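These are my notebook entries on one chain. I list what I looked up, in the order in which I looked.

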Amino acid sequence: DIHAKSMVSVLGSGIRKPGIAVVKLIVSVLVNFLTFFLAFIVLCIIFLVLGFPPNADSIKTILPTAVMNLLMVFGYSVIASSVMYATRKTSISLVVFVLLASRFVAQLITMLLSLDFIYSAVGDLSGYLLTSSAANMTMNFTVTALVTYLVYIIIFTALSMFAFHKKELDI
């Protein structure tokens, strides 16, 4: 709805552009959690239909992976939304989201970080990638992973707010 006339009327009601970006971030969190919850319910129903009622062991196995994917999808949506606010092109942000979700970007960055001259200069930085942070927060929780994840969210939310603030809307 970045090109919708409704955005102009929302801004006319007194809500500032950075506020809209934050509200959209909150809506993204709610939609991600709702989708996660519904997918988990559907998975439990499928298990029941197949004759494998979910028990504590199966939930302990599935839940960390599901939460890790939830965190990654939310992180990817925050990054893609900053691209959308900067370019005002939803198609470009969708491509960015798909590249992130397919882990193409993470694999590319991991390959670059593993080059000898980079590795010897700065060490192993692969643990600071969004995918690594989400995995470390769910598989074996570390404060470093939490802080790294939050830094990604804060930086890209701030970029979204700044980019959206600087863009003019079509009337």
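Where is Thr 157 found? I find Thr 157 in helix 8; helices (H or I, at least four residues) and strands (E, at least two) are taken as DSSP runs, numbered from the N terminus.

Ground rules. I am working with a predicted model, in which local features need pLDDT of at least 70, side-chain atom pairs count only at pLDDT 80 or more, and totals for chains, interfaces and linings use all residues. Residues are numbered from 1 along each chain as its sequence is written, and side-chain values use heavy atoms, with hydrogens and water left out.

Entry on Thr 157. Thr 157 counts as buried because its relative accessibility is 12%; buried means under 20% relative accessible area, exposed over 50%, and partly exposed in between (1.4 Å probe, protein chains only). Leaving out residues up to four places away in sequence, I list Leu 25 and Val 78 as its contacts, where contact means heavy atoms within 4.5 Å.

Entry on the whole chain. I count 8 helices and 0 strands, and from the N terminus on the elements run α-α-α-α-α-α-α-α. Of the 171 residues, 27% count as buried. Among contacts between residues at least 6 apart in sequence, 65% join residues at least 24 apart. The chain exposes about 10600 Å², of which carbon and sulfur atoms supply 75%; the areas come from the Shrake-Rupley method with a 1.4 Å probe, and for residues only the protein chains shown count as cover.

Entry on the nonpolar cores. I use the term for a set of buried Ala, Val, Leu, Ile, Met, Phe, Trp, Tyr and Cys residues joined through side-chain atoms within 4.5 Å. The largest core has 16 residues, and Phe 74 and Tyr 149 have the most contacts inside it. Helix 3, helix 7 (130–139) and helix 8 (143–166) each supply at least two residues of this core, and helix 3 gives the most, with 7 residues. Another core, of 6 residues, lies apart from it; among them are Ile 20, Met 84, Tyr 85 and Ala 163.

Which residues does Phe 74 touch, not counting those up to four places away in sequence? I get Leu 25, Ser 28, Val 29, Asn 32, Tyr 149 and Ile 153.

Entry on helix 3. Ser 77 has its place in helix 3 and counts as buried because its relative accessibility is 19%. With residues up to four places away in sequence left out, Ser 77 touches Ser 28, Asn 32 and Phe 97. Ala 80 also lies in helix 3, and it counts as buried because its relative accessibility is 6%. The C-alpha atoms of Ala 80 and Thr 90, 10 residues apart along the chain, are separated by 8.9 Å.

Entry on the second largest pocket. I read its volume as about 170 Å³. A pocket is an open set of points on a 1 Å grid over the protein atoms alone, where a 1.4 Å probe fits, with protein on both sides within 12 Å along at least five of seven lines; lining residues have an atom within 4 Å of a point. The volume is the space filled by probe spheres set on the points, which are joined across faces, edges and corners. The lining includes Asn 32, Phe 36, Leu 43, Ile 62 and Val 73. Helix 2 (17–49) and helix 3 (56–87) each supply at least two lining residues, and the largest share, 6 residues, comes from helix 2.
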